[in-house]
Amino acid sequence: MLKRVYNWLDGRYGISDFLDKQLGRFYYPGDSTGWDNLGFVMIVIFTVQAITGALLALYYVPEPDQAFESIIFIMNLTNFGWLFRAMHIVGAHILVALLFIHTFVVFYRAGYKRPRELNWITGSITFFIIMLFCITGLLLPWSQYGYWVTTILVSIPSMIPFVGEKITEFLRGDQYVSGATLMRFYGFHIALLPLIFITLIAAHVFIIFRTGYSSYEDELVSKDELKTYKGRPFYKKAIPFYPDVLRRILKVSLLCMSIMFGVITFNLDLGLSEYAYIKADPLSTPLMVRPPWYLLAPYAIIREVPDKMVAITILILLTVLFIFWSFIDFSDKKRLIKRPILLGFFIAGLISWVLFTIWGGY
Amino acid sequence: MKRRDFLKSLFHLLGLSTIASFVYPAIKFIAPVKVSAKFKPVELDVKLIPAGEVYKTTFMDIPIIVIHHPKKGFIALSRVCTHLGCLVDYDRSESKLICPCHGANFTVEGRVISGPPPKPLQRVPLIVKNNRIIIG
């Protein structure tokens with residue numbers, strides 16, 4: 001039956017021809033592993049997020065008086081509402097974890113060096129877009145946790161001199177986190193951010209499709225060679241995207257989905273704060289509200305550095321350094337292992353990030 | 001059946017059951033939730049509705065109208081027109097109920113006088129006891 005459907009489509013639209021000529025002749029380097037396909041796995045998990053999010057939007061009401069009740073309704077009265085919400089929550093954590101690992105892998109393999117500089121920039125902007133997805137999503141249940149974490153997070157830009165207050169007010173849409181903020185975050189979360197995200201990912205995938213994936217073996221393209229497009233690099237050992245890499249992507253995606261269902265099955269509170277179960281009260285701040293794990297490191301810097309100006313300057317500098325790293329690192333050496341200073345900074349950065357994350361939780 | 005074909009069929013079955021295990025909850029989730037309204041009689045003071053007057057309220061989440069007819073006494077009817085669901089209103093001058101959407105006319109007892117509705121308005125039982133109207 002499936003074969004007949006496939007043949008029907010193939011006869012009309014040349015599916016086999018497309019798979020063989022386009023994806024089958026798009027090669028990955030032989031030294032790549034499952035760790036190098038996490039970007040595509042993220043697209044799969046993002047699709048899961050989009051589907052579960054669209055389903056949740058059928059019952060969710062973005063109104064301060066009704067948002068929390070609509071979540072209770074989804075969890076308790078709708079059929080399988082608990083499952084889709086749990087998938088959406090756990091999926092977000094998995095997406096962020098994949099994002100961090102993907103960033104480290106691309107950095108380690110020097111996937112940002114020419115001709116892939118713009119791919120690093122589209123990727124790093126997508127990094128912040130995913131963070132914004134998470135931040136805007138936190139407020140939507142209108143719980144004590146989401147409300148106060150949002151209050152803290154949207155106040156951070158106000159430390160920027162001259163324009164900070166304006167940025168915070170723009171994010172909040174009001175003098176404090178209110179119904180206007182909820183409506184605004186809902187709009188960002190379901191319409192504006194997906195639009196930007198899909199555009200960036202399309203550019204990101206297009207670039208990787210044209211430049212090929214970075215290998216340890218391929219030499220760095222010289223600046224002269226970049227004047228005319230030379231095609232993808234030639235790998236000594238190559239793996240075709242279809243079916244080999246695609247199969248690998250499916251396997252890693254299934255592993256991520258298994259982790260998702262494992263968490264949903266064995267950790268019923270999904271790691272949520274106790275304040276996530278209480279309706280937001282704008283007149284009472286709960287004790288010990290902390291942002292989610294992926295925001296704890298910048299949160300710790302903001303909290304611990306006594307001079308807020310210095311703290312915000314550090315964060316802005318780190319952000320600029322991160323986004324434009326592909327143009328800042330002008331060394332012709334590709335392998336990180338042969339660059340001891342950068343490797344030292346990389347390891348030190350990684351350790352500091354873990355330490356700040358632990359520190360931020362206390 | 002060859003072993004290869006058997007494994008292929010098994011793989012297809014696994015794929016289909018994976019899709020089904022997501023599609024079934026999704027369809028069930030999208031289907032509207034049936035939340036039955038709690039039965040709670042509505043009590044009104046008879047003085048609230050003098051003869052010839054009407055009172056609009058809801059009973060089990062359904063908009064209803066209570067009419068105090070000078071000859072027929074108290075009558076409670078659903079306001080939901082049996083044609084396409086608009087809410088009917090009482091016309092005092094002609095003592096009848098009119099649907100604003102497609103001009104259906106009903107008697108104070110809910111019977112169709114004219115217009116497209118296929119059946120009369122739903123009547124809601126009521127009793128009058130100790131100067132209280134108890135609907136439901």
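How many residue pairs are in polar contact across the interface of chain B and chain A? The rule finds three, with both residues of each pair at pLDDT 80 or more. A polar contact here is a pair of N or O atoms within 3.5 Å; within protein, one must be able to donate a hydrogen and the other to accept it, and residues adjacent in sequence count only if both atoms are side-chain atoms.

## About the model

This is a predicted model, in which local features need pLDDT of at least 70, side-chain atom pairs count only at pLDDT 80 or more, and totals for chains, interfaces and linings use all residues. Residues are numbered from 1 along each chain as its sequence is written, chains are lettered from A and ligands numbered from 1 in the order in which they are written, and side-chain values use heavy atoms, with hydrogens and water left out.

## Where the two chains meet

Let's start with the meeting place of the chains. Chain B brings 12 residues to the contact and chain A brings 16 residues, where contact means heavy atoms within 4.5 Å. The size of an interface is often given as the accessible area lost when the parts come together. Between chain B and chain A, about 1,200 Å² is buried, and carbon and sulfur atoms give 83% of that area. Buried area is the accessible area (1.4 Å probe) that two parts lose on being put together, summed over both. On the chain B side, Phe22(B), Phe29(B) and Val33(B) lose the most area to chain A, together 56% of what that side buries.

What about charges? Between chain B and chain A the count is zero salt bridges; a salt bridge is a side-chain nitrogen of Lys or Arg within 4 Å of a carboxyl oxygen of Asp or Glu. The side of chain B that touches chain A has 10 nonpolar, one polar and one charged residues. For these classes, Ala, Val, Leu, Ile, Met, Phe, Trp, Tyr, Cys and Pro count as nonpolar, Asp, Glu, Lys and Arg as charged, and the others, Gly among them, as polar.

## Phe84 of chain A

Now find Phe84(A) in helix H5 (residues 81-108) of chain A. Helices (H or I, at least four residues) and strands (E, at least two) are DSSP runs, numbered from the N terminus. Is Phe84(A) buried or exposed? Phe84(A) is buried, at a relative accessible area of 0%. Buried means under 20% relative accessible area, exposed over 50%, and partly exposed in between (1.4 Å probe, protein chains only).

Leaving out residues up to four places away in sequence, Phe84(A) touches Thr52(A), Leu55(A) and Leu56(A), along with Phe22(B), Pro25(B), Ala26(B) and Phe29(B). Ala54(A) lies 30 residues away along the chain, and its C-alpha atom is separated from that of Phe84(A) by 9.9 Å.

Over all chains, the structure holds 15 salt bridges. In one of them, the side chains of Arg109(A) and Asp31(A) meet at 2.8 Å, N to O. Arg109(A) sits in the loop between H5 and helix H6 (117-139), and Asp31(A) in the loop between strand S1 (27-29) and helix H3 (38-56) of chain A, 78 residues apart. Arg109(A) is buried at 4%, whereas Asp31(A) is partly exposed at 23%.

Asp36(A) also forms a salt bridge with Arg109(A), the closest N and O atoms being 3.2 Å apart. This pair is 73 residues apart, with Asp36(A) in the loop between S1 and H3 of chain A. At 4% relative accessibility, Asp36(A) counts as buried.

## Strands in chain B

Four bridges join S1(B) to strand S11 (residues 132-135) of chain B, and the two run antiparallel. Two strands pair if DSSP finds at least two bridges between them. Strand S1 (residues 42-45) of chain B has a covered face, Val42(B) and Leu44(B), and an uncovered one, Glu43(B) and Asp45(B). Val42(B) stands opposite Ile135(B) in S11(B). Glu43(B) forms a salt bridge with Arg132(B), the closest N and O atoms being 3.4 Å apart. Glu43(B) lies in S1 and Arg132(B) in S11 of chain B, so the pair ties together parts that are 89 residues apart in sequence.

S11(B) also pairs with strand S10 (residues 126-129) of chain B, antiparallel and through four bridges. S10(B) and S11(B) form a hairpin with two residues between them, and Asn130(B) in the turn has a positive phi of about 50°.
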